[in-house]
Structure formats: C-alpha cells, structure tokens
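Colleague: I would like to go through this model label by label. For each term, please give the value and the cut-off behind the term.

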Amino acid sequence: MMVRTHGLLLALAVTCGCAGVAFAADGGTKIDGQVAFNNNCRTCHSMDAGDNRLGPNLAGIIGRKAGAAEGYGYSSAFQGADFSWDADRLDAFIADPNSVVPGNNMKPYAGIVDKAVRAAILAHLKAL
Ligand code: HEC
C-alpha cells in the first residue's frame, strides 16, 4: 500500500538521511538534487576541480571564495566579489544571479523560482 502524506514523506527523508532530496511544495513530488542539477546547471558547470567549462567548476562551492576557480576567466563583476559562498547566498544567487553579483555573466540563465528545486540543488552541492 502506498501512503502519500506530507508528514510521512518528510519523516522518511529525515530517517533515511538521503542527501540531495527535497520535496515540492505539494509534499508529494520527490525532487532529486542530482537530476535538478543536471537539468539546470550541468550544461555550464562541472563538479570536478579544475574542470572549467562555460562556467567555473563548482567543486566544494559551499565555503569557497567567490570568483576563485583557478584558471577560469571571470567577468569583472565576479573579480570584484569579496565573499565566500554559504547556502543562503547560493540560494539567492540561483534564484536571481544579479541580486547577488550585479552584472555577472551567468547567461543565459533565468533563475529558478521554485524554492524546493533550489533546495534540492543546494542539498546536492552540499553532499559532494
Ligand atoms: C548558461 C550557462 C550557465 C548555467 C545554466 C548556470 N551557470 Fe553558473 N555560471 C555560469 C558562468 C558563465 C559563470 C561565471 C559568471 C561571471 O564570470 O560573471 C557562473 C558562475 C556561477 C557561480 C559562481 C562560482 C564562483 O566561483 O564564485 C556559481 C556558484 C554558479 N554559477 C552556480 C550555478 C548553479 C548552481 C547553476 C544551476 C542552478 C548554474 N550556475 C547554472 C554559467 C552558467
């Protein structure tokens, strides 16, 4: 039997300790952080250190200094960024890049409105 209540699914997420899994606002849809990353970010970003593509690699991005991937040619907007990425800053950035680093060159990328999708991607990035 399949019981799909909000509480049960959340309880399962906590007890199984699954990394990179979040739930959509309706509580019933499981969002896989790896899949969400692949769909929204992987065209331009690798998670492997040293592997810069259209965008810089994102290895260990949480806690990393902004604009600091070795060998990547950042825009002047990022060269002037003086902070390290934490989860809140990263969440705001993938919601609306210009609100965090005005004039950046992460284009064409429209931002992700759905908080649950952003949460799944962040959990995935943290788990790596
Ligand atoms: C269309 C290509 C593209 C897509 C899609 C994209 N990015 Fe980017 N991203 C870039 C580029 C280009 C930069 C560098 C911007 C600059 O130099 O101004 C960047 C920069 C970044 C940075 C700053 C890295 C640093 O070293 O400070 C982060 C974090 C980031 N992207 C995360 C993401 C995430 C997470 C996603 C998916 C939700 C994503 N990006 C989707 C192209 C992209």
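Modeller: This is a predicted model. Around the ligand, α3 (76-79) and α4 (87-95) each supply at least two residues of the shell.

Colleague: Which element gives the largest share of that shell?

Modeller: α4 does, with three residues. The residues around the ligand number 29, and C41, C44, G55, S75 and N105 come nearest.

Colleague: How many residues of the shell are nonpolar, polar and charged?

Modeller: The shell has 21 nonpolar residues, eight polar ones and no charged ones.

Colleague: What is the overall make-up of the protein in helices and strands?

Modeller: There are six helices and two strands. Read from the N terminus, the order of elements is α-β-β-α-α-α-α-α. Of the 128 residues, 21% count as buried. Among contacts between residues at least 6 apart in sequence, 43% join residues at least 24 apart.

Colleague: Take A123 in helix α6 (residues 115-127). What makes A123 count as buried?

Modeller: The cut-off for buried is 20 or more other C-beta atoms within 10 Å. A123 has 20 C-beta neighbours inside 10 Å, so A123 counts as buried.

Colleague: Which other residues of α6 are buried?

Modeller: Besides A123, the buried residues of α6 are R118, A119, A120, I121, L122, H124 and L125.

Colleague: How does the span of α6 from its first C-alpha to its last stand against the span expected at 1.5 Å a residue?

Modeller: The expected span is 1.5 Å times one less than the number of residues. α6 has 13 residues, for which 18 Å is expected, and its reach of 18 Å is close to that.

Colleague: Why is helix α2 called roughly perpendicular to α6?

Modeller: α2 (residues 33-40) and α6 pack at an angle of about 105°, and their axes are 8 Å apart. Roughly perpendicular covers angles of 65 to 115 degrees, so α2 is roughly perpendicular to α6.

Colleague: Which residues make that contact?

Modeller: On the α2 side they are G33, Q34, A36, F37 and N40, and on the α6 side V117, A120, I121, A123 and H124. By class, the contact has six nonpolar, four polar and no charged residues. A123 and Q34 are 89 residues apart along the chain, and their C-alpha atoms are separated by 9.3 Å.

Colleague: Now A92, which lies in helix α4. Why is A92 called partly exposed?

Modeller: Buried needs 20 or more neighbours and exposed 12 or fewer, with partly exposed in between. A92 has 14 C-beta neighbours inside 10 Å and therefore counts as partly exposed.

Colleague: What is A92 in contact with, leaving aside its neighbours within four places in sequence?

Modeller: A92 is in contact with S99 and V100.

Colleague: One last point, on the backbone. What kind of peptide bond joins K107 and P108?

Modeller: A cis peptide bond joins them, with omega at about -5°. Most peptide bonds are trans. P108 lies in the loop between α5 (97-100) and α6.

Technical notes: Residues numbered from 1 in each chain as written. Predicted model: local features only at pLDDT ≥ 70, side-chain atom pairs only at ≥ 80, totals over all residues. Near = placed C-beta within 6 Å. Helix = DSSP H or I, 4+ residues; strand = E, 2+ residues; numbered from the N terminus. Nonpolar A, V, L, I, M, F, W, Y, C, P; charged D, E, K, R; others polar. Axes fitted to C-alpha atoms, helices over the stretch in contact; angles between N-to-C directions. Parallel < 35°, antiparallel > 145°, perpendicular 65-115°, else oblique. Contact = placed C-beta atoms within 7 Å.
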